[in-house]
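Please open the structure in a viewer and keep the selection tool at hand.

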Amino acid sequence: MLYVVLFFLIFSLYLYVILGGADYGAGIVELFSSEENQKITKKTIYRVMGPVWEANHIWIIILIVILWIAFPEYYNVLVVYLHIPLTIVLLGVTLRGVAFVFRHYDAIVDDSQKLYDTLFKISSFVTPIFLGIVFGALISGEIPLEADISSLTFYDAFIGSWLNVFSVLVGLFFAALCAFLSAVLLIGEAEQGNENIYVRKATIATIVVFVVGLLTFVYGYFSDTIFVQDFIKNPWTIILVAISGLLLFPLWKTINSGNKVWSRFFAGLQVFLILLAAMVSHFPDIIITTTGSISLLDNIAPDSVIKVLGISLLIGGAVILPGLFHLLKSFKMIKILERK
């Protein structure tokens, strides 16, 4: 059952990066658009995200619950040493949701709409940055796990591990990745005549992802970050990155042609390859501290707990996933009919 739990853990992570990432990215695309294009994007976002934006966050809830129940040591390090960026993420998700609802459903339309628009766009940008910062902190080697936490200063224990150049670069990389995913998604959702807006955005976002990713690895290499050093030395990660790089050519071709099916396929495949390369390079030792690594599989829950959790995930997946995908398909059909 451990493999079942691990599958749902990785599956939830991937879907949250894809669906939640595109969700965040919609606000980023709107933020970095002209005033005229912001109005178009706002209308498109409401039409695409309105019915399903809450469902996109179910995957991170499943991810957290699995970590909490099955991998308590990993979860403990995460919520103790990184509680500040995680709290900012929680606030960002909450404020973003509130702003999204009120800027569309507020009974009184006045200047407060500008506040909701600003809050939605800023929180859409800040939240994925801090999500990326959390992951960057886990692999940065800056978590001071070797010391008695009571003997550390507040900064050393709870700030220094994530407020560093490498973690911030990882955060910016994830935000750029979200913008890229959203721009690719919006190409196929835009009204006729507006597709070129998102074709340009997708092209720019692809370049930004590449540049920020390169900067992250260059900085990690020269600062002797263990994760980057192991990443570069692993032949499988090099192969996966090379394949991802080669996919840029068909990706750009499908983006420029406005092919929504293949552009989304290649975008999703690239994200999968990036996540797979990151896991292959250091799995299961995903947390890297100042004294070594912590394996995801160290001190896991008892076999009886893993068994119950695995069965629950299988039953839940069989019941919930078909209904969720049917919900997405149904709303998609409704939106198509409304456009006609």
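The stops that follow concern a predicted model.

**First stop: helices α1 and α6**

Select residues 2–31, which form helix α1, together with residues 112–140, which form helix α6. The axes of these two helices are 7 Å apart, and the helices pack at an angle of about 135°. Angles from 65 to 115 degrees count as roughly perpendicular and those over 145 as roughly antiparallel; α1 and α6 are therefore oblique to each other. The crossing of α1 past α6 is left-handed.

Now display the side chains at this contact. From α1, select Y16, Y24, G27, I28, E30 and L31; from α6, select F120, K121, I122, S124, F125, T127, P128 and L131, which they meet. Nine of the residues in this contact are nonpolar, three are polar and two are charged.

Remain in helix α1 and select I18. Is this residue buried or exposed? I18 has a relative accessible area of 17%, and because buried means under 20%, I18 counts as buried. Leaving aside residues up to four places away in sequence, I18 touches L181, G268 and V271. Next, draw a distance between the C-alpha atoms of I18 and V271: the two are 7.6 Å apart in space, although 253 residues separate them in sequence.

Select F7, F8, F11 and W59, which form one aromatic cluster. The count of aromatic pairs in the model comes to 17. One of these pairs is W262 with F265, whose arrangement is edge-to-face, at 5.4 Å centre to centre and with 85° between the planes. Both residues lie in helix α13, residues 260–282; being three residues apart there, W262 and F265 are separated by about one helical turn. W262 is partly exposed, at a relative accessible area of 46%, and F265 is likewise partly exposed, at 43%.

F266 is buried, its relative accessible area being 12%.

To see the contact itself, select I226, F227, D230 and F231 in α10, which meet A277, A278, S281 and H282 in α13. This contact comprises five nonpolar residues, two polar residues and one charged residue.

Select S161, in the loop between α7 (154–158) and α8 (165–187). Its relative accessible area is 0%, and S161 is therefore buried. Which residues does S161 touch, not counting those up to four places away in sequence? They are Y81, L82, A137, S140, E142, I143, P144 and S167.

Most residues other than glycine have a negative phi, and most peptide bonds are trans. The places below depart from that pattern.

- Select F283 and P284: the peptide bond from F283 to P284 is cis, with omega near 0°. P284 is placed in the loop between α13 and β1 (287–288).
- D224 is not a glycine, yet its phi is positive, near 60°. The residue D224 is exposed, with a relative accessible area of 58%.
- Select N299, in the loop between β2 (293–294) and α14 (303–339). N299, also not a glycine, has a positive phi of about 50°. At 56% relative accessibility, over the 50% cut-off, N299 counts as exposed.

Definitions and conventions: Residues are numbered from 1 along each chain as its sequence is written. This is a predicted model: local features need pLDDT of at least 70, side-chain atom pairs count only at pLDDT 80 or more; totals for chains, interfaces and linings use all residues. Side-chain values use heavy atoms; hydrogens and water are left out. Axes are lines fitted to C-alpha atoms, for helices over the stretch in contact, and angles run from 0 to 180 degrees between N-to-C directions. Helices (H or I, at least four residues) and strands (E, at least two) are DSSP runs, numbered from the N terminus. Angles under 35 degrees count as roughly parallel, over 145 as roughly antiparallel, 65 to 115 as roughly perpendicular and the rest as oblique. A crossing is left-handed if the near helix is turned anticlockwise from the far one by less than a right angle, and right-handed if clockwise. Contact means heavy atoms within 4.5 Å. Ala, Val, Leu, Ile, Met, Phe, Trp, Tyr, Cys and Pro count as nonpolar, Asp, Glu, Lys and Arg as charged, and the others, Gly among them, as polar. Buried means under 20% relative accessible area, exposed over 50%, partly exposed in between (1.4 Å probe, protein chains only). Rings of Phe, Tyr and Trp (its six-membered ring) pair if their centres lie within 6.5 Å; planes under 30 degrees apart count as stacked, over 60 as edge-to-face and the rest as tilted.
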